[in-house]
Each structure stands twice: as C-alpha cells, then as structure tokens.
Amino acid sequence: MRGDFAMEPSTVWAPRVLSLLRIVVGLVLLQYGLAKLFGWPAVKMFQDLPWCSLFGIAGMFELVGGTLLILGLFTRPAAFILSGEMAAAYFIEHFPHSFFPIKSEGDLAVTLCFTFLYLSFAGGGPLSLDALLLPKGQPSISRG
C-alpha cells in the first residue's frame with residue numbers, strides 16, 4: 001500500500017509547479033502590458049506610447065492575457081494566443097536584426113513563446129480558476 005508520502009515527488013509537485021510557472025510568466029507579461037499602456041512601471045521605451053500602435057495593441061494582449069494567466073482562467077486559449085503574439089514579436093522586432101536570439105535580444109520573446117505554447121497544452125494546473133470552476137472529467141479547451 002502506498003500513501004501520499006510514498007508517491008514520487010514529481011507526481012506531487014509537478015502540477016503545483018505548473019501552476020507556479022503559469023502565475024510567474026503571467027506576472028512577467030502583465031508588467032509589459034502595464035508599462036506600455038499605463039506607464040507603470042516607467043520604461044523610457046514605452047513612454048507616451050499610442051494605444052493604437054503595434055506596441056500598444058501588444059500591450060493590450062499582454063495586459064489581458066497576463067491577467068488571465070495569473071488567475072488561471074481560460075488558460076489554454078489565452079496561452080495559445082499569447083504564444084502567437086510572442087512569435088510575432090520575435091519575427092517583427094528581433095529577427096530582422098539577427099536570426100540568433102542572443103544577438104537580436106529576442107531571447108525573452110522566444111522563451112515566452114514556447115512557455116505559452118507548453119501552457120496551451122498543459123493547462124493551468126490545479127491552482128487555477130479553470131480547475132476550480134470546471135467539474136473534473138468535463139472536457140474543455142480551458143481545463144488545466
């Protein structure tokens with residue numbers, strides 16, 4: 001007979017760390033949306049940014065998407081859309097300077113792109129509104 005103490009650490013902790021990953025990348029993304037749209041925290045590059053510019057629209061995705069990820073609400077579709085946004089950010093802003101992310105300063109965009117792609121398949125984990133609101137066994141694109 002095996003109890004919880006005999007379970008593999010990855011079985012116990014992996015789902016919780018998945019939720020932690022979702023929250024942390026959501027916070028990272030949210031700061032970009034807040035800086036672009038509201039000037040907080042103040043970043044010189046985003047000062048007086050028009051909301052209808054490419055960076056402004058990206059900020060809207062980051063503000064809404066970051067909030068959804070932090071809450072773990074609609075995690076899979078939100079993460080899928082954000083993965084596409086980060087891919088577009090890389091190819092529009094960084095790729096023209098160099099294919100290599102280390103040379104084009106696109107390493108964050110690439111890392112977030114693939115982290116969001118992973119979350120779009122893995123879901124939000126047990127510490128999410130998706131897990132709280134959806135009954136177990138109910139198929140949903142947002143269940144994590």
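Predicted model: local features only at pLDDT ≥ 70, side-chain atom pairs only at ≥ 80, totals over all residues.

Mentor: The chain has six helices and zero strands, and its C-alpha trace spans about 60 × 30 × 25 Å along the principal axes.

Trainee: What makes a residue such as Ser83 count as buried or exposed?

Mentor: The cut-off for buried is under 20% relative accessible area. Ser83 has 7% relative accessibility, and therefore counts as buried. Ser83 lies in helix 3. Beyond residues up to four places away in sequence, Ser83 touches Cys113, Phe116 and Leu117. Of the 144 residues of the chain, 35% count as buried.

Trainee: Why is Asp48 called exposed?

Mentor: Exposed requires over 50% relative accessible area. Asp48 is at 72%, so the term applies. Asp48 is found in the loop between helix 1 and helix 2.

Trainee: Which residues form the nonpolar patch on the surface?

Mentor: The patch is formed by Phe38, Trp51, Ile57, Met60, Phe61, Phe80, Ile81, Phe114, Leu117 and Phe121, which together have about 1,000 Å² of accessible area. Helix 2, helix 3 and helix 5 each give two or more residues to this patch. To belong to a patch, a residue needs over 30% relative accessible area. Ile57, at 38%, is therefore above that cut-off.

Trainee: Which residues make up the largest nonpolar core?

Mentor: This core has eleven residues: Leu18, Val25, Leu29, Leu69, Ala79, Leu82, Met86, Leu112, Cys113, Phe116 and Leu119. At least two residues come from each of helix 1, helix 3 and helix 5. Helix 5 gives the most, with four residues. In soluble globular proteins, nonpolar side chains tend to be buried together.

Trainee: What is Cys113 in contact with, beyond its neighbours within four places in sequence?

Mentor: Cys113 is in contact with Ser83, Met86 and Ala87. Contact here requires heavy atoms within 4.5 Å.

Trainee: How do you know that Lys36 and Glu62 form a salt bridge?

Mentor: The closest N and O atoms of Lys36 and Glu62 are 3.0 Å apart. The cut-off is 4 Å, so the pair qualifies as a salt bridge. Side chains of opposite charge can pair when their charged atoms come close. A search of the whole structure finds one salt bridge. The pair links distant parts of the chain, with Lys36 in helix 1 and Glu62 in helix 2, 26 residues apart.

Trainee: Are Lys36 and Glu62 buried or exposed?

Mentor: Lys36 has 7% relative accessibility and so counts as buried. Glu62 is also buried, because its relative accessible area is 4%.

Trainee: How does the reach of helix 2 stand against the expected value?

Mentor: Helix 2 has 18 residues and reaches 26 Å from its first C-alpha to its last, close to the 26 Å expected at 1.5 Å a residue. The buried residues of helix 2 include Gly56, Ala58 and Gly59. Among the elements covering the buried residues of helix 2 are helix 1, helix 3 and helix 5. Just after helix 2, Gly72 takes a positive phi of about 70°.

Trainee: How does helix 5 stand in the corresponding comparison?

Mentor: Helix 5 has 16 residues and reaches 22 Å, close to the 22 Å expected. Its buried residues pack against helix 1, helix 2 and helix 3.

Trainee: What is the peptide bond from Trp40 to Pro41, cis or trans?

Mentor: That bond is cis, with omega near -5°. Pro41 is found in the loop between helix 1 and helix 2.

Notes:
Residues numbered from 1 in each chain as written. Heavy atoms only, no water. Core = buried A, V, L, I, M, F, W, Y, C linked by side-chain atoms within 4.5 Å. Buried < 20%, exposed > 50% of the residue type's maximum accessible area, 1.4 Å probe, protein only. Patch = residues over 30% accessible without salt bridge, like charges linked within 9 Å, V, L, I, M, F, W, Y side chains within 5 Å. Areas by Shrake-Rupley, 256 points an atom, 1.4 Å probe, with all protein chains shown as cover. Salt bridge = Lys/Arg side-chain N within 4 Å of Asp/Glu carboxyl O. Expected span 1.5 Å × (residues − 1).
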